[in-house]
Amino acid sequence: MDYAQEFRKFISSQYLYAGVRITAGAVIPAIILYQYGLLGSMMAVPLGALCVGFTDNPGPIQHRRNAIFISIGFNFIVAMLAGLSRGHSWIIGIELVALSMFLSLLGVYGNRANSIGSIALLVFIFNIDAHLSPAGNEFRDILINAGWFTVGGLWYAILSLLLHTLRPYKLIQQLLGESLMETARYLEVKAAFYKKDPDYKENYRSLMRHQIAIHQHQDELREMLFKARSVVRESTRKGRVLMQMFLDSIDLFERIMTTQQDYESLHKEFDHEEILLVYNRTILEMADTLNDIGLAIQNGLPYRNERRIDRLIDNAKDAFFSMRNKKLNATNIEGFIKLRHILFSLQDLAERIKILSQYTSYDRSISKMLKSQEPERVKNLDRFITRQELDPNLLFDNLSLQSTTFRHAARLTLALIVGYIVSMLFPLGHGYWILLTITTILKPAYSITKKRNGNRIIGTLTGAFLGFAAIYITMDTTILFIIMLLAMIISYSMLKLNYLVSSAGITVYVIISFHFLNPSGLGVVLHDRVLDTAIGCVIAFIASSFVLPSWEKEQIAHYLEVAIPANRAYFSTVAKAFTGSGFDITNYKVARKGAFVALANMSDHFQRMMSEPRSKQYNLENYHQFVATSHLLTSHIASLSYYAQRSGQQYSSMDFQPLVNQVEAQFDLATAILENRSSTQAEQKLMEDTIRQKLMELLQIRRDEMAGAPLEEEEQTAIRKTLSDLKAITDQFQLISTITAEQVKILDKLRDTARENTPV
């Protein structure tokens with residue numbers, strides 16, 4: 001790992017930017033209040049800013065703004081409720097049940113609503129503790145305290161909206177750069193397939209992990225760019241270029257997927273040659289270039305090394321043609337056609353990467369060119385946006401044990417009640433930390449809860465040691481304040497990247513801040529922090545394991561049912577280009593998005609399944625095979641789409657219909673198995689259709705030519721090109737058919753296993 005590069009990436013990332021923004025939102029009012037001796041009585045102001053900051057997730061500015069103000073309103077209400085019931089344990093218990101259920105169920109409306117609900121629950125927990133109560137429990141005091149929470153939230157809203165006004169495209173640049181850097185890592189894994197003795201299983205797992213991350217970035221960018229009126233309708237020069245960069249990055253990712261090959265046969269035929277290692281080095285260098293472009297976009301700087309890509313491609317071309325001149329013969333024509341098409345793919349990738357690098361200058365001529373294409377460029381964008389309707393019926397529909405959101409809400413509520421009872425029964429100085437720990441750790445997925453549990457415990461212990469060490473080494477308040485500030489920035493920056501580091505940072509700044517407020521009570525705070533965190537972690541772990549647990553084996557079948565029709569729609573849209581039915585670019589891109597999203601979701605849930613207890617990893621091997629073949633299937637359909645756009649019109653013929661029908665028959669069979677209908681195994685027919693016969697004839701002509709049969713130069717060129725194109729196209733059809741047939745077998749095994757485990 002290049003640590004210097006990773007550091008540069010982090011310094012300009014959205015994570016550090018968010019960490020600094022949230023820290024500034026909390027620290028600036030805290031410093032001002034501290035200077036005037038008001039921090040003790042007005043602690044709710046920085047807390048209010050801090051809590052609202054956690055709901056300020058990436059997205060269109062109108063969504064961020066709405067979320068901030070809704071969160072401020074929710075926080076005011078729960079702060080009032082907690083204040084009015086403080087000192088009445090049984091009322092707090094009832095409110096805890098009601099609020100925990102309701103606020104957790106808001107997750108059905110998406111991640112932004114879920115963060116609003118979670119933060120409101122944390123605010124309620126903050127305010128039930130006597131340490132944070134105002135001077136009295138009169139209604140006026142409670143109202144003032146809730147008001148200070150609101151003031152803190154409003155201050156953060158002003159700060160966040162002001163930063164957006166000053167740099168409206170900064171977050172888009174950071175996300176886009178991060179997406180391209182993740183795509184570069186995906187490309188690095190693709191390069192590994194050309195090394196000697198590649199680990200296919202591990203490589204495919206790595207591809208899955210990176211694809212999940214790329215999909216998440218693309219989804220956030222799609223929402224920010226397509227829903228933002230300022231980018232779509234009122235584009236500035238930078239807005240136009242960023243929109244085009246994003247659209248091109250999606251096409252680039254699909255093009256990388258089209259480089260999928262039958263790697264085992266390639267190694268069998270050419271492992272003794274240097275050409276595969278040349279391709280490996282070329283792809284790695286291209287990935288490195290793409291990573292640098294992503295870093296440049298994230299920093300808002302132009303990329304200045306375009307000639308590097310030209311040199312890479314020239315070296316790969318020289319290696320290929322040198323080998324072809326020496327080794328090509330009648331027996332290995334098909335293998336050389338594959339190598340030539342890999343080179344074509346690399347040349348195309350290089351051109352796309354060069355165009356992206358040119359966009360980083362935000363040149364006026366580029367913007368002017370894009371402006372002329374704008375009506376076509378922004379047409380039908382609504383078809384690519386997933387909208388979340390705030391329908392109350394959706395909430396009521398999820399009041400069932402079949403709903404994972406409802407089960408999580410019930411699980412969290414029970415865990416919080418247990419935690420609250422423990423904090424009341426035992427003399428714990430900061431018992432509310434138990435409830436905070438449970439709320440932040442317990443997530444709908446067992447695998448996430450398990451990981452966060454371990455990270456929280458280790459992070460808290462590490463943070464306690466570092467915080468105590470800092471105070472022991474120096475008593476200088478300025479140095480301690482700087483350490484606390486850095487700990488806050490690190491903790492909020494790493495919240496989504498590394499929860500262990502984030503937990504350590506939070507503990508450090510909590511200990512130092514308590515040292516400032518009450519130096520004599522540091523030992524008690526340290527003891528309470530560790531003990532309360534440990535108790536909260538134990539309760540969260542028990543709840544996630546035994547209270548209405550949600551195992552991935554219960555959900556992954558649904559994602560299979562979504563992936564198959566999504567891939568079918570993707571294939572059908574592409575196949576139309578070859579049968580003369582027409583190729584609609586918008587329908588194709590919508591189908592592509594559906595297939596990519598379905599694959600990423602299925603891969604994500606499979607990865608979680610692998611983190612669960614072995615006893616819950618139901619049919620793991622079969623599911624793994626299905627996810628792996630789904631990745632291959634989507635990649636080969638993407639490869640076919642490349643030829644559809646490049647040569648579909650030229651070779652369009654009903655002769656391709658048998659190939660299409662063969663794949664459609666496998667999809668029919670897969671659908672029948674999913675719907676539990678009886679079905680007949682579709683036969684795999686090879687080399688029996690017109691298009692394959694034509695291909696065999698062209699192949700024979702080429703072999704005869706190499707054996708000395710005379711041909712006109714023009715006819716020779718035409719035959720070579722047609723042979724090369726048809727071989728690549730029919731190979732993709734055959735690979736797609738073979739993979740879908742393999743998926744049918746896997747689904748059959750899954751169905752048989754399900755029947756065996758179903759009680760009679």
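Glycine 463 lies in helix α21 (residues 446–473) of this predicted model. Glycine 463 is buried, because its relative accessible area is 0%. Leaving aside residues up to four places away in sequence, glycine 463 touches Ala504, Thr507, Val508 and Ile511. Another glycine, at position 505, is 42 residues away along the chain, and the C-alpha atoms of glycine 463 and glycine 505 are separated by 6.1 Å.

Isoleucine 125 is found in helix α6 (residues 111–128). Which residues does isoleucine 125 touch, not counting residues up to four places away in sequence? They are Leu416, Tyr432, Leu435, Leu436 and Thr439.

**The chain as a whole**

The protein chain has 30 helices and zero strands. Of its 760 residues, 56% are buried. Among contacts between residues at least 6 apart in sequence, 82% join residues at least 24 apart.

**Aromatic residues**

A search of the whole structure gives 24 aromatic pairs. Two of these pairs are described here.

Tyr432, already named as a residue touched by isoleucine 125, forms a tilted aromatic pair with tryptophan 433, at 5.9 Å centre to centre and with 45 degrees between the planes. Tyrosine 432 is buried, with a relative accessible area of 8%. Tryptophan 433 is buried as well, at 5%.

Tyrosine 570 and tyrosine 588 form a stacked pair, with ring centres 6.3 Å apart and 25 degrees between the planes. Tyrosine 570 belongs to helix α25 and tyrosine 588 to helix α26 (residues 585–610), so this pair ties together parts that are 18 residues apart in sequence. Both tyrosine 570 and tyrosine 588 are buried.

Elsewhere, one aromatic cluster is formed by Phe193, Tyr194, Tyr200, Tyr204, Tyr263 and Tyr279.

**Helix packing**

| Helix pair | Angle | Distance between axes |
|---|---|---|
| α25 (residues 556–579) and α28 (residues 657–674) | about 165 degrees | 11 Å |
| α8 (170–192) and α13 (residues 275–299) | about 170 degrees | 7 Å |

Why do α25 and α28 count as roughly antiparallel? An angle over 145 degrees counts as roughly antiparallel, and the angle between α25 and α28 is about 165 degrees; the two helices are therefore roughly antiparallel to each other. Their crossing is left-handed. On the α25 side, the contact is made by Leu560, Glu561, Ile564, Asn567, Arg568, Phe571, Ser572, Ala575 and Thr579. On the α28 side, the contact residues are Gln657, Val660, Val663, Glu664, Phe667, Asp668, Ala670, Thr671 and Leu674. By class, the residues of the contact of α25 with α28 are nine nonpolar, five polar and four charged.

The angle between α8 and α13 is about 170 degrees, and these helices are therefore also roughly antiparallel to each other. The contact of α8 with α13 has 15 nonpolar, eight polar and three charged residues.

**Two residues with positive phi**

Most residues other than glycine have a negative phi. Aspartate 197 is not a glycine, yet its phi is positive, near 50 degrees. Aspartate 197 sits in the loop between α8 (170–192) and α9 (200–227). Is aspartate 197 buried or exposed? Aspartate 197 counts as exposed, because its relative accessibility is 71%.

Leucine 548 likewise has a positive phi, of about 45 degrees, although it is not a glycine. Where leucine 548 is placed, the chain runs through the loop between α24 (522–546) and α25. At 31% relative accessibility, leucine 548 counts as partly exposed.

Definitions and conventions: Residues are numbered from 1 along each chain as its sequence is written. This is a predicted model: local features need pLDDT of at least 70, side-chain atom pairs count only at pLDDT 80 or more; totals for chains, interfaces and linings use all residues. Side-chain values use heavy atoms; hydrogens and water are left out. Axes are lines fitted to C-alpha atoms, for helices over the stretch in contact, and angles run from 0 to 180 degrees between N-to-C directions. Helices (H or I, at least four residues) and strands (E, at least two) are DSSP runs, numbered from the N terminus. Angles under 35 degrees count as roughly parallel, over 145 as roughly antiparallel, 65 to 115 as roughly perpendicular and the rest as oblique. A crossing is left-handed if the near helix is turned anticlockwise from the far one by less than a right angle, and right-handed if clockwise. Contact means heavy atoms within 4.5 Å. Ala, Val, Leu, Ile, Met, Phe, Trp, Tyr, Cys and Pro count as nonpolar, Asp, Glu, Lys and Arg as charged, and the others, Gly among them, as polar. Rings of Phe, Tyr and Trp (its six-membered ring) pair if their centres lie within 6.5 Å; planes under 30 degrees apart count as stacked, over 60 as edge-to-face and the rest as tilted. Buried means under 20% relative accessible area, exposed over 50%, partly exposed in between (1.4 Å probe, protein chains only).
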